[in-house]
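Hi,

Here is the structure I promised to send over.

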Amino acid sequence: MRAATAADLAAIQAIEVASFSDPWSTESFAQMLAQPRVRALAATRAGQLVGYCIAWQIADEAEVANIAVREADRGLGIGGVLLDALIADVDAAGGATIYLEVRASNAAAQRLYASRGFAVVGRRAGYYQRPDEDALVLRRAQAESSGGD
């Protein structure tokens, strides 16, 4: 696990395109990496970038923007390692709450988030496109969740 850099953009973009039906552009990732409030993590395996997580933090609140793992490396716990590292990073920076959105149909991601103390606090109708789908809004309060991680 390490900080993601501009040198990782091609690998991040490849994972992004393979993972999401409405992927972010390389330019969007480049702009995110240049922001001081952005936390970007890269997971590597055998010298190759196999996953990434990007979030931003303002004051004591953070929002996970994207988390993805290369298809060939899914099921190995890499997503959990990325999420754990992000939670620790936010906590160390004084974060109290982390939010994220997840597709209502993405049961695997919801299980991962629930295992890390995230709970559903809302729903955004029609949030996702390609295909159109609602998002569940999840929240994790650091103080409430710090005992079981």
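First, the ground rules. This is a predicted model, so to speak of local features I need pLDDT of at least 70, and side-chain atom pairs count only at pLDDT 80 or more, while totals for chains, interfaces and linings use all residues. Residues are numbered from 1 along each chain as its sequence is written, and side-chain values use heavy atoms, with hydrogens and water left out.

**Helix packing**

Helix 1 (residues 9-19) and helix 2 (residues 26-33) pack at an angle of about 125°, and their axes are 10 Å apart. Helices here are DSSP runs of H or I with at least four residues, strands are E runs of at least two, and both are numbered from the N terminus. The axes are lines fitted to C-alpha atoms, for helices over the stretch in contact, with angles from 0 to 180 degrees between N-to-C directions. That angle makes helix 1 oblique to helix 2 (under 35 degrees is roughly parallel, over 145 roughly antiparallel, 65 to 115 roughly perpendicular, and the rest oblique).

Which residues in helix 1 and helix 2 meet? From helix 1 we have Leu 9, Ile 12, Gln 13 and Glu 16, and from helix 2 Thr 26, Phe 29, Ala 30 and Leu 33; contact means heavy atoms within 4.5 Å. Sorted by type, the residues of this contact are five nonpolar, two polar and one charged (Ala, Val, Leu, Ile, Met, Phe, Trp, Tyr, Cys and Pro count as nonpolar, Asp, Glu, Lys and Arg as charged, and the others, Gly among them, as polar).

**Aromatic rings**

Searching the whole structure gives four aromatic pairs. Rings of Phe, Tyr and Trp (its six-membered ring) pair if their centres lie within 6.5 Å, with planes under 30 degrees apart called stacked, over 60 edge-to-face and the rest tilted. Tyr 113 and Phe 118 are an edge-to-face pair, because their ring centres are 5.8 Å apart and their planes are at 65°. Tyr 127 and Tyr 128 are edge-to-face too, with centres 4.9 Å apart and planes at 85°.

As for burial (buried is under 20% relative accessible area, exposed over 50%, partly exposed in between, with a 1.4 Å probe and protein chains only), Tyr 113 is buried at 8% and Phe 118 is buried at 6%. Tyr 128 is buried at 18%, whereas Tyr 127 is partly exposed at 40%.

**Leu 136**

Leu 136 sits in strand 7 (residues 133-141) and is buried, at 10% relative accessibility. Leaving out residues up to four places away in sequence, Leu 136 touches Leu 100, Glu 101, Val 102, Ala 104, Gln 110, Val 120, Gly 122 and Arg 123. Val 120 is 16 residues away along the chain, with 6.4 Å between the two C-alpha atoms.

The loop between strand 6 (119-128) and strand 7 holds Pro 131, and the peptide bond from Arg 130 to Pro 131 is cis, with omega near 0°. Arg 130 is in that loop as well; its phi is near 55°, a positive value in a residue other than glycine, and it is exposed at 53%. Ala 46, in the loop between strand 2 (38-45) and strand 3 (48-58), also has a positive phi, near 50°, and is exposed at 82%.

Cheers
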